[in-house]
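Subject: Handover of a structure and notes on it

Dear colleague,

Please find below the structure that I am handing over to you.

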Amino acid sequence: MFEKSSSLCMRDPQRVQDILMSMQKSGSNTLQVISDFDMTLTRFAYEGKRCPTCHNILDNSKLISNDCKEKLKELLNTYYPIEIDSSRSIEEKLPLMVEWWTKAHDLLVEQRIRKDLLATVVRESEARLREGFQLFFNHLHEHSIPLLIFSAGIGDILEEVIRQAGVFHSNVKVFSNYMDFDESGVLKAFKGELIHIYNKREGALLNTGHFQELRTRPNVLLLGDSLGDLTMADGVQDMENILKIGFLNDKVEERKQSYLDSYDIVLVKDETLEVPNAVLLYLTGNK
């Protein structure tokens with residue numbers, strides 16, 4: 001089913017095959033896809049250059065003053081190494097991630113960002129969905145398979161990226177950090193609970209209402225690029241099978257083992273959706 005590829009690693013290929021066969025037997029009407037967004041559905045790099053996350057799209061835009069850009073960069077340089085440090089526990093990282101996101105959001109609110117300029121900022125950015133995204137989004141839509149996106153990014157920007165790519169279909173639901181604008185369309189705050197890289201499980205559990213309607217879909221395909229993404233399906237009740245595909249984009253050698261221990265399939269420095277697409281085609285009978 002998978003082309004032999006140097007980027008694809010599995011700790012237990014037999015187990016992957018068993019899960020896939022069980023899921024296929026159940027039929028595509030029992031399937032839901034739960035995915036992270038930044039660096040999972042979007043590219044990590046293009047032509048040797050890092051691609052922006054939802055936050056980066058704003059951070060690098062003309063809506064942000066140079067002073068604010070400097071402060072955001074300092075935050076990134078302080079906290080990103082902590083986020084990907086495999087020697088620290090999640091418990092240890094948790095308060096620091098909250099600190100990072102909260103400070104970043106406070107800085108953005110100070111910039112009085114205008115809602116009507118967000119589309120332009122996305123259009124002018126270098127954000128890119130992974131190669132093969134049309135097949136991924138369109139195939140899920142054609143087969144009425146729900147796609148739930150959990151993101152620690154900014155929901156308004158994320159939706160705009162998908163919209164501009166022409167694939168924001170009715171089966172897509174997004175759980176993310178949304179901006180709150182005042183009457184004149186200026187950013188005044190962020191709505192609701194903060195979603196960051198390590199509390200997606202809470203996001204999943206808080207949104208069990210959405211999962212209720214998906215109870216007839218006990219088979220989950222999960223896509224992520226961090227170990228924090230592994231809890232995104234925790235709101236799914238009566239789960240029968242879950243196949244976890246992890247994109248390992250960065251610091252490969254020191255993180256590879258922990259990814260192999262946690263994800264069923266690990267894709268190393270793979271900028272495409274070829275493997276998830278192959279899985280989808282298999283599960284929907286288009287072998």
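The notes below take up helix packing, the cysteines, backbone angles and some individual residues.

This is a predicted model, in which local features need pLDDT of at least 70 and side-chain atom pairs count only at pLDDT 80 or more, while totals for chains, interfaces and linings use all residues. Residues are numbered from 1 along each chain as its sequence is written, and side-chain values use heavy atoms, with hydrogens and water left out.

Helix packing

Two packed helices are described by the angle between their axes and the distance between the axes. Helices here are DSSP runs (H or I, at least four residues) and strands likewise (E, at least two), numbered from the N terminus. Axes are lines fitted to C-alpha atoms, for helices over the stretch in contact, and the angles between N-to-C directions run from 0 to 180 degrees.

Helix α3 (residues 66-83) packs with helix α4 (residues 90-110) at an angle of about 165°, and their axes are 10 Å apart. The angle makes α3 roughly antiparallel to α4 (under 35 degrees counts as roughly parallel, over 145 as roughly antiparallel, 65 to 115 as roughly perpendicular and the rest as oblique). The crossing of α3 and α4 is left-handed, a term used if the near helix is turned anticlockwise from the far one by less than a right angle, with right-handed used if clockwise. On the α3 side, the residues in contact (heavy atoms within 4.5 Å) include Cys68, Leu72, Tyr79 and Glu83. On the α4 side they include Lys93, Met97, Trp101 and Leu108. The residues of this contact of α3 with α4 divide into 14 nonpolar, no polar and five charged. In this division Ala, Val, Leu, Ile, Met, Phe, Trp, Tyr, Cys and Pro count as nonpolar, Asp, Glu, Lys and Arg as charged, and the others, Gly among them, as polar.

Helix α1 (residues 13-26) packs with helix α11 (residues 274-283) at about 45°, with 9 Å between the axes. That angle makes α1 oblique to α11. Leu20, Met21, Met23 and Gln24 of α1 meet Val279, Tyr282 and Leu283 of α11. The residues of the contact of α1 with α11 comprise six nonpolar, one polar and no charged.

Valine 279 lies in helix α11. Valine 279 is buried, because its relative accessibility is 0% (buried means under 20% relative accessible area, exposed over 50% and partly exposed in between, with a 1.4 Å probe and protein chains only). Between valine 279 and methionine 21 there are 258 residues in sequence and 11 Å in space, C-alpha to C-alpha.

Cysteines

How many disulfides does the model have? With a disulfide taken as a pair of cysteine sulfur atoms within 2.5 Å, the count comes to zero. Cysteine 51 is in no disulfide, and the nearest cysteine sulfur, that of cysteine 54, is 12 Å away. Cysteine 51 is buried, at 5% relative accessibility, and cysteine 54 is buried too, at 1%.

Backbone angles

Most residues other than glycine have a negative phi. Arginine 112, which is not a glycine, has a positive phi of about 50°. Arginine 112 sits in the loop between α4 and α5 (118-124) and is exposed, at 53% relative accessibility. Lysine 251 also has a positive phi, near 50°. Lysine 251 belongs to the loop between β10 (241-248) and α10 (252-262) and is partly exposed, with a relative accessible area of 39%.

Individual residues

Histidine 196 is in the loop between β8 (187-190) and α8 (200-206), yet it is buried, at 3%. Not counting residues up to four places away in sequence, histidine 196 touches Leu94, Met97, Val98, Trp101 and Ala152.

Leucine 158, in helix α7 (residues 155-164), is buried with 0% relative accessibility. Leaving aside neighbours within four places in sequence, its contacts include Phe37, Cys54 and Val174.

Methionine 239 is in the loop between β9 (219-224) and β10 and is partly exposed, at 33%. Its C-alpha atom is separated by 31 Å from that of aspartate 250, eleven residues apart along the chain.

Yours sincerely
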